[in-house]
Amino acid sequence: MAKLLKLVGVVLILGLVAGLVVLLPAHLQVRGVAAELPSRADLLALRTEAGPSRVGFITTSQQDLDRGTIGHNSVIVEWPNGDLFVIDAGMDEKSARDFGELMSTIAGASSPPVIHGTLAELMGADVARVQGVGFTHLHIDHTQGLVDFCASRGDGAVALQTTNQKTLHNLHTSEGAGIVDSSCLKAVELGGDGLVTDDRFPGIGAFNLGGHTPGSTLWAVALADRVLLFSGDITNTKASIDDDVDKPWIYSYLLVPEDTGRTAEIRHWLRELDGDDAFAVVVSHDIANHAAVLSR
Ligand SMILES: [Zn+2]
């Protein structure tokens, strides 16, 4: 019995050490991204007459979990000349089913995901008008659909990425980074601190949020009447911003290494902006939030 207890103890300690070796660098890395958040004035300065005229969205798949529905949404920004910019690519059917199985294991999903189609399938002929793609972060559920997108689109569009998103990867973002780097998209790095822009896409700004992943990016899209703030997976629901709710401890410390101090700071900042008529916050996995703010 004593021998068995000793063995269990050794296994537990080895498991803990292995976990630390994998997770500690990721925790330290994500804590290194903490630049001052943009001011209201910085965000409003994105407004331009040349800016986009419409922002819609597509839900590629969704699944009911214990905590509510997780939607895999892509945002489509449109300019009057017909150019499109897409934020996040969702997944193809196989990856969505694999992801759904993972959710069944860790998030209590009792039914498989409902698959609506890939980004490219659901966009149809409009893929040819996509001139640029951005990602809120490089987790697989936001990047894998790029493979199918590229099969339809071919060359000609760019990937806009902040320097952090382009260069800082961890155990959960390396695969997605590989998909982006080997895709049909021409890499465009938005260097510098603060809200960064690209002349090809007037009215759009990107900012290094960190918090959820080291490359987590806020996409701000300035329409004539308000500035839309796409906050990615800083929270999984809009309600978590409204009610100031942390993700579960096991998620932020063991499953997805997050900087919970930073995610709290970002939540408070987003809540204040969302309470201002000039802004609206859109949370990546929250379908109802997309439907309330955007057009289909
Ligand atoms: Zn996600």
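Visitor: Which residues coordinate the zinc ion?
Guide: This model is predicted: local features need pLDDT of at least 70, side-chain atom pairs 80 or more, while totals for chains, interfaces and linings use all residues. Numbering runs from 1 along each chain as its sequence is written, and side-chain values use heavy atoms, without hydrogens or water. Donors are N, O and S atoms within 2.8 Å of the metal (3.2 Å for Na, K and Ca); water is not among the atoms, so sites may look incomplete. At 2.1 to 2.5 Å, the zinc ion is coordinated by D141 (OD), H142 (NE2), D233 (OD) and H285 (NE2).

Visitor: How many residues apart are H142 and D233?
Guide: H142 belongs to helix α5 (residues 140-143); helices (H or I, at least four residues) and strands (E, at least two) are DSSP runs, numbered from the N terminus. D233 sits in the loop between β10 (227-230) and α9 (238-242). The pair links distant parts of the chain, with a separation of 91 residues.

Visitor: Is H142 buried or exposed?
Guide: Buried means under 20% relative accessible area, exposed over 50%, partly exposed in between (1.4 Å probe, protein chains only). D233 and H142 fall in one class: buried.

Visitor: Which residues have the most contacts inside the largest nonpolar core?
Guide: A nonpolar core joins buried Ala, Val, Leu, Ile, Met, Phe, Trp, Tyr and Cys through side-chain atoms within 4.5 Å. The largest one has 25 residues. Apart from it lies another core of 23 residues, including A89, F149, A177 and I179. In the largest core, the residues with the most contacts are V55, V77, F85, W219, L228, F230 and L294.

Visitor: Which residues does L294 touch?
Guide: Contact means heavy atoms within 4.5 Å. Residues up to four places away in sequence are not counted here. L294 then touches V55, G56, F57, V75, L228, F230 and V282.

Visitor: What is the relative accessible area of T217?
Guide: T217 lies in strand β9 (residues 217-222). Beyond four places in sequence, its contacts are F135, T136, T162, Q165, A206, F207, L209 and F230. T217 counts as buried because its relative accessible area is 1%.

Visitor: How far apart in space are T217 and S231?
Guide: Along the sequence, 14 residues separate T217 and S231. From C-alpha to C-alpha, the separation is 7.4 Å.

Visitor: Which residues is R267 in contact with, leaving aside neighbours within four places in sequence?
Guide: R267 has its place in helix α11 (residues 260-274). R267 counts as buried because its relative accessibility is 5%. With those neighbours set aside, R267 is in contact with T235, S240, I241, D244, V245 and D246.

Visitor: What is the relative accessible area of D83?
Guide: D83 is in the loop between β2 (68-78) and β3 (84-87). Outside four places in sequence, D83 contacts V77, E78, R129 and Q131. D83 is classed as partly exposed because its relative accessible area is 23%.

Visitor: What separates the C-alpha atoms of D83 and M103?
Guide: Along the chain, D83 and M103 are 20 residues apart.
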